[in-house]
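Let's walk through this structure together, starting with the overall layout and then settling on one helix and its partner.

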Amino acid sequence: PVLDTEDAWMSVEGPVSIVELALEQKRIHYPLVEHQFVLCTVLYAIMRLSLKAVKPLSLFDSKGKNAFFKDLTSIQLLPSGDMDPDMLSVRQQFLLKVVSAAVQTLCSSQKDREVSEEEYFPFEKGKNWPTLAADLAQYLQISEDLVRRHYVCELYSYGMDHLGEE
């Protein structure tokens, strides 16, 4: 980008401006940042929904695991489109656990005290865990429809028929 500077600022002496420092930085490899984002989202879901017996790194193949420990400016080999069916099964089970735990948490809190989802998750206003799981399915190469169908089944099984119909 071209930065126009007024003449008055040209004669100023001192440390380099933060804009110039930012422009000198190496460009990041965006797919690697997305890969890190998926791991962070998985870890946050495990923590927030108290999921047990989930190994987050088991959701990634060897290329994916190696990419986590590289500099974000380096261009890494990321997992290709062809995935092992066993790994896809592990990913699918994880996403279904996330949806089940989110519905169970929401329903148990509403039955206990008649509170809304926003009150139960006060720092996560607008965070819809089943929708987040469906979005995460795209990155993990799992069918979003499968996750949404499981969500509807969970809603019906917990007696939230009005939400299931929507």
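Which pattern does the protein follow, read along the sequence? The pattern is α-α-α-α-α-α-α-α-α, with nine helices and zero strands in total; helices (H or I, at least four residues) and strands (E, at least two) are DSSP runs, numbered from the N terminus.

A word on how to read the model: it is predicted, local features need pLDDT of at least 70, side-chain atom pairs count only at pLDDT 80 or more, and totals for chains, interfaces and linings use all residues. Residues are numbered from 1 along each chain as its sequence is written, and side-chain values use heavy atoms, leaving out hydrogens and water.

The mean pLDDT (the predictor's confidence in each residue, from 0 to 100) is 81, and 85% of the residues reach 70 or more. Helix α6 (residues 117-120) has the lowest mean among the elements, 50, while helix α3 (residues 30-48) has the highest, 91. Where pLDDT is low, the predicted coordinates should not be read in detail.

Just after α3, Ser50 takes a positive phi of about 50 degrees.

Where α3 meets helix α7 (residues 129-139), contact meaning heavy atoms within 4.5 Å, Val38, Thr41 and Ala45 are among the α3 residues involved, and the α7 side consists of Trp129, Leu132, Leu136 and Tyr139.
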